[in-house]
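Hello,

Here is the structure I promised to pass on. Please open it first, then read my notes below.

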Amino acid sequence: MGSNAAALSHAQDMFDNYFVAHWGTNGLKPYIRYTISGGLNYEMENSAYTGWYDPAEDESKYGDLDIKQALYDLQYAMMNDDGPTWGHRNNIINKYHDKVNMGIVYDDKRLALVQQFEGNFIEYFEPPSISGSTLTIGGSILEGKLKSVNICFDELPVPLTPDELLNGPYHSYSLGGRVGYVVSPPPPGQYYSSLSPEAVVADLWETNDRGQFMISADISETLAQGKGVYTIVIYADCGEETVQITNYSISIE
């Protein structure tokens, strides 16, 4: 079990405001909530709700919930009735998800459930930070080998109403659009013949065979997106698979 509080805070938000979605009434996506709550690695989220939805309705129309049965039913549905994408089930059985943070909020009539899965891939001695226009990251990769560092962008979150969350496109989420990626400097005497406009050549890119790394890069052109949430996304090669091992969000306002 993990200890990140974002799962419980989102379950409480859904319960208090009678909705189910991955986004919250504060406009935050799960990975942004995760970072705000102290998360340093990678997360994916399942969310579910059962029982009385509409506070304008007479709650006496709804029978009391058997909480244990309600939890069982929600979990069963995520594992066995989750087509066509099987996203909830895939989160549950993903071999790279080695922690789960649980949020469960309920009363006699309804229940909100959030499962937030984590990977435990990096031990940071310097978590991602942006000072001025310089991105700095340092740590040790516990599984796999560093492959790439991407930077994704979301607009600053804006509040959402429960009705918007229930009826809008907020029942799924993905990382914001990629606006930059960091590459290692070329060896002495060599140069890159062609790079995407999104590419940033690091000023410092040190790695060793113990999985330790230290990266520093001037991302001023990437930050030209302006105010928003910049999520640092690190990928590692794990055998024959490329695995996302961190999504760390930094707000610039």
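Lys109 and Asp64 form a salt bridge, with their closest N and O atoms 3.0 Å apart. Keep in mind that this is a predicted model. Lys109 sits in the loop between E2 and strand E3 (110-119), and Asp64 sits in the loop between E1 and helix H3 (67-80), so the pair ties together parts that are 45 residues apart in sequence. The structure holds six salt bridges.

Next, the largest pocket. Its volume is about 310 Å³. The lining is made of 22 residues, and the closest to the pocket centre are His22, Met44, Glu45, Asn91 and Tyr173. Which of them gives the most? E1 does, with four residues. By residue type, the lining of the largest pocket divides into twelve polar, six nonpolar and four charged.

Now the surface. Met1, Met102, Ile104 and Tyr106 form a nonpolar patch there. Together these residues have about 430 Å² of accessible area. Tyr106 belongs to strand E2, which covers residues 99-106.

Then look at Ile130. This residue is in strand E4 (residues 122-131). What does Ile130 touch, leaving aside residues up to four places away in sequence? The answer is Leu135, Ile219, Leu223, Tyr230, Ile250 and Ile252. Ser174 is 44 residues from Ile130 along the chain, and the C-alpha atoms of the two are separated by 22 Å.

Last, two points about the backbone. Most residues other than glycine have a negative phi, and most peptide bonds are trans. Pro84 is in the loop between H3 and H4. You will find Tyr18 in the loop between helix H1 (6-17) and helix H2 (30-36).

To find your way around, start with the Lys109 and Asp64 salt bridge. Then go to Met44 and Glu45, which are among the residues closest to the centre of the largest pocket.

Best wishes

Methods
Residues numbered from 1 in each chain as written. Predicted model: local features only at pLDDT ≥ 70, side-chain atom pairs only at ≥ 80, totals over all residues. Heavy atoms only, no water. Patch = residues over 30% accessible without salt bridge, like charges linked within 9 Å, V, L, I, M, F, W, Y side chains within 5 Å. Areas by Shrake-Rupley, 256 points an atom, 1.4 Å probe, with all protein chains shown as cover. Salt bridge = Lys/Arg side-chain N within 4 Å of Asp/Glu carboxyl O. Helix = DSSP H or I, 4+ residues; strand = E, 2+ residues; numbered from the N terminus. 1 Å grid on protein atoms, 1.4 Å probe; cavity = no way out; pocket = protein on both sides within 12 Å on 5 of 7 lines; lining within 4 Å. Points joined across faces, edges and corners; volume = space filled by probe spheres on them. Nonpolar A, V, L, I, M, F, W, Y, C, P; charged D, E, K, R; others polar. Contact = heavy atoms within 4.5 Å.
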